[in-house]
Amino acid sequence: MQNLFFILHKFGFYWLAFFGIIIVRYFLIAGGAYWFFYSVMGKPFVKRRLHLKPIVWKSIRQDIELSVLSAVFFGLCAAFIMSAYDSGVTLLYTSVNEYGLWYLAVSFVAVLIIQDAYFYFIHRGFHHPLFFKWLHYGHHRSGDPTPWTSFAFDLPEAVIQGLFFVGIVFLIPLHFITLIAVLMTMTVWAVLTHVGFELFTSRFWFFPQWLGKCFIGSTHHAIHHHKYRVHYGLYFTFWDKLLGTHDPSYEGLSNKKIANHYVSRGAGNSEQGD
Ligand SMILES: [Zn+2]
Ligand SMILES: [Zn+2]
């Protein structure tokens, strides 16, 4: 009985601590990006505006409310992972020597590839007319994304996304550094893809064009928020290209043409069906 009380007490401590960390991370990174890029300071970095309509405070407030609610569940996931680690049942480890230095990089890339595939298929499922309203509507409610949208999920979506991390620590040996690096990459990537502006002159970021075409950036994901039926990936364009959900006009368009494309087609093309 005392043992159970101790476990619950520790679980509660973990939940509270991680809820705090997740919230602080959200306000620092999403809030910081909003504060910077939507003020005069960010103007020199903005190459193209991706919004179809002016941003309204109500949408931002709704995104923040959903993000805080999602953080409650993400905190529970983190508490579960830590409790499982304490019990020695996860594949998390702390000594780099256990698998070598090279494995840190390999496992980092592997988790991103697996998460991208997981996200692509659940995201396509979310857009099915049967599920959209109660699984994914919250994320699309603002129409035009802002950094605040990056973690705005309906609770069922937050559960499905959070379960990825609960599962992965039982499937692949991961150093804590790798896990933190994946979480930080996911956070920064989500904020950048929802920032509402293209920040790079080329749509393919700072990579050589052939490599850049493999990655998802702000313009790519803004098209998803405007057109719904294309661009379901998280980090890479691989699954969209393979399964025919890549907007065929995306890669052939010059920056100027994309802006026109937005004005003429974006607003009127908001269907959620898959
Ligand atoms: Zn979506
Ligand atoms: Zn989004």
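1. Phe-11 is found in helix H1, which spans residues 2–37; helices here are DSSP runs of H or I of at least four residues, strands are E runs of at least two, and both are numbered from the N terminus. Phe-11 counts as partly exposed because 16 other C-beta atoms lie within 10 Å, where 20 or more such atoms within 10 Å make a residue buried, 12 or fewer make it exposed, and anything in between is partly exposed, with C-beta atoms placed from the backbone. Leaving aside residues up to four places away in sequence, Phe-11 touches Ala-79 and Ser-83, a contact being two C-beta atoms, placed from the backbone, within 7 Å. Phe-11 and Met-82 are 71 residues apart in sequence, yet their C-alpha atoms are 8.2 Å apart in space.

2. This is a predicted model, in which local features need pLDDT of at least 70 and side-chain atom pairs count only at pLDDT 80 or more, while totals for chains, interfaces and linings use all residues. Residues are numbered from 1 along each chain as its sequence is written, and chains are lettered from A and ligands numbered from 1 in the order in which they are written.

3. The mean pLDDT of the chain is 88, and 88% of its residues reach 70 or more, pLDDT being the predictor's confidence in each residue, from 0 to 100. Over residues 263–274 the pLDDT is below 50, and this stretch has 18 contacts in the model beyond near neighbours in sequence. Where pLDDT is low, the predicted coordinates should not be read in detail.

4. The chain comes to 11 helices and four strands, and buried residues make up 32% of its 274 residues. Among contacts between residues at least 6 apart in sequence, 72% join residues at least 24 apart.

5. An unreviewed UniProt entry lists residues 12–38, 66–85, 100–121 and 163–192 under "transmembrane region"; such positions are in the numbering used here, feature names are shortened, and annotations may be inferred rather than shown by experiment. In the model, residues 12–38 are 96% helix and 0% strand, with end C-alpha atoms 37 Å apart, and residues 100–121 are 95% helix and 0% strand, with end C-alpha atoms 32 Å apart.

6. The axes of helix H2 (residues 57–86) and H6 come within 9 Å and cross at roughly 20 degrees, the axes being lines fitted to C-alpha atoms over the stretch in contact, with angles from 0 to 180 degrees between N-to-C directions. H2 and H6 are therefore roughly parallel, as angles under 35 degrees count as roughly parallel, over 145 as roughly antiparallel, 65 to 115 as roughly perpendicular and the rest as oblique. The contact includes Phe-73, Phe-74 and Cys-77 of H2 and Gly-162 and Phe-165 of H6.

7. Helix H3 (residues 101–126) and helix H6 (residues 155–171) pack at an angle of about 155 degrees, with their axes 11 Å apart, which means that H3 is roughly antiparallel to H6. Among the residues making this contact are Gln-115 and Tyr-118 of H3 and Glu-157 and Phe-164 of H6.

8. Pro-173 lies in the loop between H6 and strand E3 (174–175), and is partly exposed, with 14 C-beta neighbours inside 10 Å. Beyond residues up to four places away in sequence, Pro-173 touches Leu-91, Tyr-93 and Tyr-99.

9. Nine of the 10 residues of helix H9 (residues 218–227) are buried, so H9 is largely enclosed by the rest of the structure. The buried residues include His-220, His-221, His-224, His-225 and His-226. H9 is followed by Tyr-228, whose phi is positive, near 65 degrees.
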